Amino acid sequence: MDYNPEDVREYVPDWNDNREKPEPEQIVLELAPMTGGELRAAQRQALGKNGQVNFKSAQAAIERIIKARVMGITNLSDILGRPVVNGKELWDRAEQPLIDEAYSALTEISTLSKGMKKK
C-alpha cells in the first residue's frame, strides 16, 4: 500500500499506562493514514455474505492494515525483550489490546471528524 511519508503521524498509545511514563520512555507508533478506499474495502471485507460481521474476515482486514500502516515503533519490546519495530512485528508479537488501540488510532486518523475540512 502506498503512502505519503509527509502524512505519517506519531501516536502515543494509552495502553499499559504508557502516556504516564516520561516522554523518552513512551511507546510511539508511526501511523500512515489509510485512504478512503482502503477503509471502505476493510469495512466491506469484515462483512460476511449475510451482512453480519464475520470474525475471520474482520481479523484478516485488520491484520493487513496493521502490517501495512504501522510504519515504525519506538520503545516497544515483546515478552522476550526483543524490539518490536514495525506493523508486522506488532501483529505477530504484541499484546492484543495494543493492536486494538493501534487499529482504532489508524481508523481515527484516516477519517475526517464531523465539520473538519480537508486542506
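## Close-up views of a predicted model

**View 1. Ile 66 and its neighbours.** Leaving aside residues up to four places away in sequence, Ile 66 touches Gly 87, Leu 90, Trp 91, Ile 99, Ala 102, Tyr 103 and Leu 106, where a contact means heavy atoms within 4.5 Å. The model is predicted, and so local features need a pLDDT of at least 70 and side-chain atom pairs count only at pLDDT 80 or more, while totals for chains, interfaces and linings use all residues. Residues are numbered from 1 along each chain as its sequence is written, and side-chain values use heavy atoms, with hydrogens and water left out.

**View 2. The largest nonpolar core.** A nonpolar core is a set of buried Ala, Val, Leu, Ile, Met, Phe, Trp, Tyr and Cys residues that are joined through side-chain atoms within 4.5 Å; buried means under 20% relative accessible area, exposed means over 50%, and partly exposed lies in between (1.4 Å probe, protein chains only). The largest such core has 21 residues, and those that touch the most other members are Ile 66, Val 70, Ile 73, Leu 76, Leu 90 and Leu 106. At least two residues of this core come from each of strand S2 (28–31), H1, H2, strand S3 (70–74), helix H3 (87–93) and helix H4 (96–109); helices (H or I, at least four residues) and strands (E, at least two) are DSSP runs, numbered from the N terminus. H4 supplies the largest share of the core, which is five residues. In soluble globular proteins, nonpolar side chains tend to be buried together.

**View 3. Helix H1 against helix H2.** Helix H1 (residues 36–46) packs on helix H2 (residues 55–69) at an angle of about 155 degrees, and their axes are 7 Å apart. Axes are lines fitted to C-alpha atoms, for helices over the stretch in contact, and angles run from 0 to 180 degrees between N-to-C directions. H1 is therefore roughly antiparallel to H2, since angles over 145 degrees count as roughly antiparallel, those under 35 as roughly parallel, those from 65 to 115 as roughly perpendicular and the rest as oblique. On the H1 side the contact is made by Glu 38, Ala 42, Gln 45 and Ala 46, and on the H2 side by Ser 57, Ala 58, Ala 60, Ala 61, Arg 64, Ile 65 and Arg 69. Sorted by class, this contact of H1 with H2 has six nonpolar, two polar and three charged residues; Ala, Val, Leu, Ile, Met, Phe, Trp, Tyr, Cys and Pro count as nonpolar, Asp, Glu, Lys and Arg as charged, and the others, Gly among them, as polar.

**View 4. Helix H2 crossing helix H4.** The axes of H2 and H4 cross at roughly 80 degrees and come within 10 Å, and the two helices are therefore roughly perpendicular to each other. H2 makes this contact through Ile 62, Ile 65, Ile 66 and Arg 69, while H4 makes it through Ile 99, Ala 102, Tyr 103 and Leu 106. By class, the contact of H2 with H4 has seven nonpolar residues, no polar residues and one charged residue.

View 5. Three strands form an open sheet in the order S1-S2-S3, with antiparallel pairing, where two strands pair if DSSP finds at least two bridges between them. Strand S1 (9–11) and S3 stand at the edges with a single partner strand each, so one side of each is left without a neighbour in the sheet. From one strand to the next, the twist averages 25 degrees. S1 is joined to S2 by three bridges, and the bridge partner of Arg 9 in S2 is Leu 31. S2 and S3 pair over four bridges, and Gly 72 in S3 is the bridge partner of Glu 30. H2 lies across S2 and S3, running at about 65 degrees to S3. H4 packs on the sheet and touches S1, S2 and S3, and its direction makes about 40 degrees with that of S2.

**View 6. Asp 17 and Asn 18 in a loop.** The loop between S1 and S2 holds Asp 17 and also Asn 18. Asp 17 is exposed, with a relative accessible area of 55%, whereas Asn 18 counts as buried at 1% relative accessibility. Asp 17 has a positive phi of about 55 degrees, although it is not a glycine. Most residues other than glycine have a negative phi.
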